[in-house]
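Hi everyone, thanks for coming. I'd like to walk you through a model I have been looking at, so please have it open while I talk.

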Amino acid sequence: MKKATTILAIITSFLAIILSVLPVSNLAIFPAIAALVFGLIAFYFSKKSGHVKKIIQFTFLLTIIALSITIYKAIFTTIEVADTETLEAKENESEEEALKDLEDIDLEELEIGG
Amino acid sequence: MKYIFLLVIACFSITLKGQNNAIAAGEKLTYTAAYNMSGILTNLAEVTMETSELKTSKATLLRLKCTAATYSKWDNFFKIRDLYESYVNPNTLTPYLYKRDINEGSYSKAMKYTFSHKTKTVKSVQTKKNRPEENKTVSIGSGTKDIVSTLYNIRLLDYDDMAIGDRKTFTIIFDRKEMKGQITYLGYETIDTAIGEKECYKLAIGSDQTDVLQGNNNNILWLTADGNKIPVYGKFKIPVGNGELKIKSATGLLN
């Protein structure tokens, strides 16, 4: 039990740290919670047996770092659209082309006012 | 993003011949498109719907423009810069010209439809990266519209005259094929949005293309129950998951 929970704590804490640095950082919350739970169980069994491995404390450290990054990104990262120059240029170009195309279309069939 | 647009499209398209009393040039609606990742909604892209006038030597048309652009944090992973346009009769929103230019990751494609309502045909030109230009003429029904104009046309319906459960069908041309869709009026609902608390018409959206919109009443759209009937919120379920479209801002409204 102690070994299994320690391994799970390591895996989930690493997963949390990886997810926290990706754009999907808010997903890191799930492995982070799992890492905390497994870490605490592993810590409890280790303490019971009289020897707490350093790796368990390390998983706690990783989890805290992952949670800090996730919370920081959730609060301070502003969502914005960047690099729109190409799209704007395309919009203008497309309008000019459309104007040429529309000059060739028979618009009278729909009785539009000029 | 294609699915999001198809949803939005299906959300809106309708065969109608009503007069336009809801949409004017200069209107700009901005939305946030969010996708459900493992139960957490993640904002993916910004969608805008904008109208402007376009004067030709013969007439003044209404340009309906929709764009979709991923937020900067996603650009390195999957960059989307899509442009959809429709040039329509400002009174009836009947389309003359439709253009679609999509850039999604390494995939790009452009499509142009020129409508001839007299002959009930659409002349299409498709351009893909490293492929020759494809020209094709497609026969259409009398009420068939492109995605963008149908998207705006839904706002011309008179929902006050509809009873709960009433359905309207619509035909749109997408990827050079006609497809059928329908909306079901579900009644009034008041919802909180970024532009305030709004009383809305609640509509369920369906399509005969099961690969686009899935399930019954899984795709819901809320239109403001006022003269503008702007879409303020949408929930959708598509083959790759589910998500929502939330309004961020609305300017230049007619009413």
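Let me begin with a term: pLDDT is the predictor's confidence in each residue, on a scale from 0 to 100. For residues 9–17 of chain B that score stays under 50, although the model has 43 contacts there beyond four places in sequence. By contact I mean two residues whose C-beta atoms, placed from the backbone, lie within 7 Å. Where pLDDT is low, the predicted coordinates should not be read in detail.

As you will have gathered, this is a predicted model, so local features need pLDDT of at least 70 and side-chain atom pairs count only at pLDDT 80 or more, while totals for chains, interfaces and linings use all residues. On naming, residues are numbered from 1 along each chain as its sequence is written, and chains are lettered from A and ligands numbered from 1 in the order in which they are written.

How confident is the predictor elsewhere? Chain B averages a pLDDT of 86, with 90% of the residues scoring at least 70. For chain A the mean is 87, and 93% of its residues reach 70 or more. The complex gets an ipTM of 0.79 and a pTM of 0.82 from the predictor.

Now to chain A. When I say helix or strand, I mean DSSP runs numbered from the N terminus: H or I over at least four residues for helices, E over at least two for strands. Please find helix H2, residues 29–49 of chain A: its 21 residues reach 30 Å from the first C-alpha to the last, close to the 30 Å expected at 1.5 Å a residue. That expected span is 1.5 Å times one less than the number of residues.

Which residues of H2(A) are buried? They are A:Pro31, A:Ala32, A:Ala35, A:Phe38, A:Gly39, A:Ala42 and A:Phe43. Looking down the helix axis, the buried residues of H2(A) fall within an arc of 145 degrees, so they line one face of the helix. The arc is that of the directions from the helix axis to the C-beta atoms. Buried here means 20 or more other C-beta atoms within 10 Å of a residue's own, exposed means 12 or fewer, and partly exposed is in between, with C-beta atoms placed from the backbone. The partners that the buried residues of H2(A) pack against are helix H1 (2–21) and helix H3 (54–76) of chain A. Just after H2(A), A:Gly50 takes a positive phi of about 90 degrees.

H4(A) is hardly covered, with 2 buried residues among its 20.

UniProt, in an unreviewed entry, places the feature "transmembrane region" at residues 5–22, 28–46 and 58–76 of chain A. Those positions use the numbering here, feature names are shortened, and annotations may be inferred rather than shown by experiment. In the model, residues 28–46 of chain A are 95% helix and 0% strand, with end C-alpha atoms 26 Å apart. Residues 58–76 of chain A are 100% helix and 0% strand, and their end C-alpha atoms lie 27 Å apart.

Over to chain B, which has 3 helices and 15 strands. Of its 255 residues, 43% count as buried.

Where do the chains meet? The contact takes 36 residues from chain B and 29 residues from chain A. On the chain B side, strand S3 (60–70) is among the elements that give two or more residues, and S3(B) gives the most, with 6 residues. That side divides into 13 nonpolar, 12 polar and 11 charged residues. Here Ala, Val, Leu, Ile, Met, Phe, Trp, Tyr, Cys and Pro count as nonpolar, Asp, Glu, Lys and Arg as charged, and the others, Gly among them, as polar.

Finally, some backbone details in chain B. Most residues other than glycine have a negative phi, and most peptide bonds are trans. B:Arg176, in the loop between S10 and S11 of chain B, has a positive phi of about 65 degrees although it is not a glycine. B:Lys229 also has a positive phi, near 45 degrees, and lies in the loop between strand S13 (220–224) and strand S14 (231–238) of chain B. Are these two residues buried or partly exposed? B:Arg176 is partly exposed, with 14 other C-beta atoms within 10 Å, whereas B:Lys229 is buried, with 22.
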